[in-house]
Amino acid sequence: MRIGINTLFFIPGKVGGSETYIRNLISKLSDIDKENEYFIFANRENFNEFKIDKPNFHKALCPINASFKPGRILWEQFVLPFQTLKYKIDILFSPGYTAPIFTKCKQVVAIYDLNYYHHPEDFSRFELIFWKLLIPLSARVADRIIVLSNNSKRDIENVLDVPSNKVVPIYLAANIFSNAADWTKEKIREVKKKYQIDKDYILSVAAFHPHKNLYRLIEAYKILKDRYGSGHKLVLVGMKARASKAVEVAIKGMSLEKDVIFTGWVPVEDIPILYKGAAIFVFPSLFEGFGIPPIEAMTCGTPVAVSNTTSLPEVVGDAGLFFNPMDIEDIAAKIHTIVANKNIRDELIKKGFEQAKKFSWDKTARETLDVFKMVISK
């Protein structure tokens, strides 16, 4: 097979969990597949991010900047199909929600979730028009749709009205943290000092989108301080987005400026240290297609409390405490239960390690390759 991978959507450091997905998936495919030829269609921003020295992996530069979305859309829809002909592609895999509508080759598209449908407040007017038009069309023309959870499978089948046998759930995994030997107390102290964290802390990792629900986490944190006397800092790791202003207003309104720490974007080498040093990881999201951060936290030995919505119960299993993300009292109570009770903490850490082992990029890559084989054999 000659397999094309459409990475035109990928802007390093700007696309959240989908960056973790594309980096790890391509890396593992290059490890396990020596037979098929791969052609990575890359934009100017990500071309140098793919450093694969396998003879069956090739890169093709698409001279566009994905940060200029209209240009990216036009290239994907009207130029990429000709590139698939030039490189004699048998299957084009588009792991960024959308795919070319007119191509001669087979197609597989990954649609992580339907956030644009359930939470339009996350998007600009242009983005909504783009998603509402191209995601349903991409689902229609694709031979198979990869989703990240059974919850997303049901949602996409119902909302986009596609047959069940066309939608294949394939779980993701945590980022591969290879430097566990460096997760010493001294290293944790060093990283805490770097981000001016001078106390024990509660950690959350998410871009500041409205559906990530960080303003309710801040309200719950205020309850922890006032009612339970918590001395923990709240550390928020992630890029600023459409909810940034609401989060900042909430913090100022509750006089928490000295208690809440924004790290912004964090280098990948610091992420596991921040997870490891946290008293608890909290993920209050209203909507997730999968949810990589809770798996990462469990991999690092940090107890987790997460929302009881969408795919998160499916991903976390019995390895975390669940709360209603709309109920700040419930969020605060579950956080307090973990930080105040060593036995519960230790049990969740133990279960977390076991739950995290169920997910691997090797498995993700092999199941993805199985989908390609299934499509080509049709």
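In this predicted model, helix α5 (residues 150-160) lies across strands β6 (144-147) and β7. The angle between α5 and β7 comes out at about 165 degrees.

Those two strands belong to an open sheet of 7 strands, laid out in the order β3-β2-β1-β4-β5-β6-β7, with parallel pairing. At the edges sit β3 (57-61) and β7 (167-169), each of which pairs on one side only. From one strand to the next, the twist averages 20 degrees. Over at the β3 edge, 5 bridges link β3 to strand β2 (residues 37-42) in the parallel sense. Within that pairing, Y38 is found opposite F57 of β3.

Next up is Q83, a residue of helix α2 (residues 69-86). With a relative accessibility of 11%, Q83 falls under the 20% cut-off and so counts as buried. Setting aside neighbours within four places in sequence, the contacts of Q83 are F41, L61, C62 and W75. Of these, F41 falls in the β2 range (residues 37-42), and L61 in that of β3 (57-61).

Then there is helix α7 (residues 214-228), with 15 residues. From first C-alpha to last, α7 reaches 20 Å, close to the 21 Å expected at 1.5 Å a residue. Its buried residues are L214, R216, L217, I218, A220, Y221, I223 and L224. The cover over them includes strands β8 (201-205), β9 (233-237), β10 (260-264) and β11 (280-283), along with helices α8 (244-253) and α12 (328-340).

Conventions: Residues are numbered from 1 along each chain as its sequence is written. This is a predicted model: local features need pLDDT of at least 70, side-chain atom pairs count only at pLDDT 80 or more; totals for chains, interfaces and linings use all residues. Side-chain values use heavy atoms; hydrogens and water are left out. Helices (H or I, at least four residues) and strands (E, at least two) are DSSP runs, numbered from the N terminus. Buried means under 20% relative accessible area, exposed over 50%, partly exposed in between (1.4 Å probe, protein chains only). Contact means heavy atoms within 4.5 Å. Two strands pair if DSSP finds at least two bridges between them. Axes are lines fitted to C-alpha atoms, for helices over the stretch in contact, and angles run from 0 to 180 degrees between N-to-C directions. The expected span of a helix is 1.5 Å times one less than its number of residues.
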